[in-house]
Amino acid sequence: KERMNQAFFSDEAAYFREYGLTEARLNQYCPAALLLHPGPVNRDLELDNEVADGPRSVILKQVRYGLAIRMAVFELLRGQTHG
């Protein structure tokens with residue numbers, strides 16, 4: 001959203017019509033896919049609410065586990081692992 005004032009689209013709705021991920025697009029291009037997104041989600045700009053909250057969305061898990069994984073990676077890089 002912060003870059004929309006410099007975009008090639010007249011408004012957010014025009015951008016979403018062209019690039020937004022809807023249930024129909026997800027089913028058309030990749031019907032078995034799980035949906036990941038690092039958050040925060042720009043609803044109705046990047047993802048339709050139906051997709052973001054749908055059964056194939058693992059966004060909340062990804063965000064929840066992301067912090068723990070990043071902490072573990074930093075510990076490994078620092079050489080501070082125990083066990």
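Biologist: Which side chain is joined to that of H37 by a polar contact, and how should I read such a contact?

Modeller: A polar contact is a pair of N or O atoms within 3.5 Å; within protein, one must be able to donate a hydrogen and the other to accept it, and residues adjacent in sequence count only if both atoms are side-chain atoms. Here the side chains of H37 and E46 are joined by a polar contact of 2.9 Å. Bear in mind that this is a predicted model, in which local features need pLDDT of at least 70 and side-chain atom pairs count only at pLDDT 80 or more, while totals for chains, interfaces and linings use all residues. Residues are numbered from 1 along each chain as its sequence is written, and side-chain values use heavy atoms, with hydrogens and water left out.

Biologist: Where in the fold is H37 found, and is H37 buried or exposed?

Modeller: Helices (H or I, at least four residues) and strands (E, at least two) are DSSP runs, numbered from the N terminus. On that basis H37 is found in the loop between helix 2 (23-29) and helix 3 (49-52). With a relative accessible area of 13%, H37 is buried, a class that means under 20%, whereas exposed means over 50% and partly exposed in between (1.4 Å probe, protein chains only). Contact means heavy atoms within 4.5 Å, and, leaving aside its neighbours within four places in sequence, H37 is in contact with E46, L47, I59, Q62 and V63.

Biologist: What are the contacts of I59, and which residues make up the largest nonpolar core?

Modeller: Leaving aside neighbours within four places in sequence, I59 is in contact with L35, L36, H37, V41, L47 and A52. The largest nonpolar core has 6 residues in all, namely L26, L35, L47, V51, A52 and I59; such a core is a set of buried Ala, Val, Leu, Ile, Met, Phe, Trp, Tyr and Cys residues joined through side-chain atoms within 4.5 Å.

Biologist: How many helices and strands does the protein have, and what share of its residues counts as buried?

Modeller: The secondary structure comes to 4 helices and 0 strands, so that from the N terminus on the elements run α-α-α-α. Of the 83 residues, 22% count as buried. Among contacts with a separation of 6 or more, 49% are accounted for by residues 24 or more positions apart.

Biologist: How many salt bridges does the structure hold, and which parts of the chain does the pair of E23 and R56 link?

Modeller: Side chains of opposite charge can pair when their charged atoms come close, and a salt bridge is a side-chain nitrogen of Lys or Arg within 4 Å of a carboxyl oxygen of Asp or Glu. The structure holds 3 salt bridges. In one of them E23 pairs with R56, the closest N and O atoms being 3.3 Å apart; this pair links distant parts of the chain, with E23 in helix 2 and R56 in the loop between helix 3 and helix 4, 33 residues apart. E23 counts as partly exposed at 22% relative accessibility, whereas R56 is buried, with a relative accessible area of 16%.

Biologist: Which residue does D53 meet in a salt bridge, and what separates R78 and E75?

Modeller: The side chains of D53 and R43 meet in a salt bridge at 2.9 Å, N to O, and this pair also links distant parts of the chain, with D53 in the loop between helix 3 and helix 4 and R43 in the loop between helix 2 and helix 3, 10 residues apart. D53 counts as exposed at 54% relative accessibility, and R43 as partly exposed at 38%. The side chains of R78 and E75 form a salt bridge at 3.6 Å, N to O; because R78 and E75 are 3 residues apart in helix 4, about one helical turn separates them. R78 is exposed, with a relative accessible area of 54%, while E75 counts as partly exposed at 31% relative accessibility.

Biologist: Which peptide bond is cis, and what is phi of D44?

Modeller: Most residues other than glycine have a negative phi, and most peptide bonds are trans. A cis peptide bond joins G39 and P40, with omega about -10°, and P40 lies in the loop between helix 2 and helix 3. D44 is found in the loop between helix 2 and helix 3, and phi of D44 is near 60°, a positive value in a residue other than glycine. D44 is partly exposed, with a relative accessible area of 40%.
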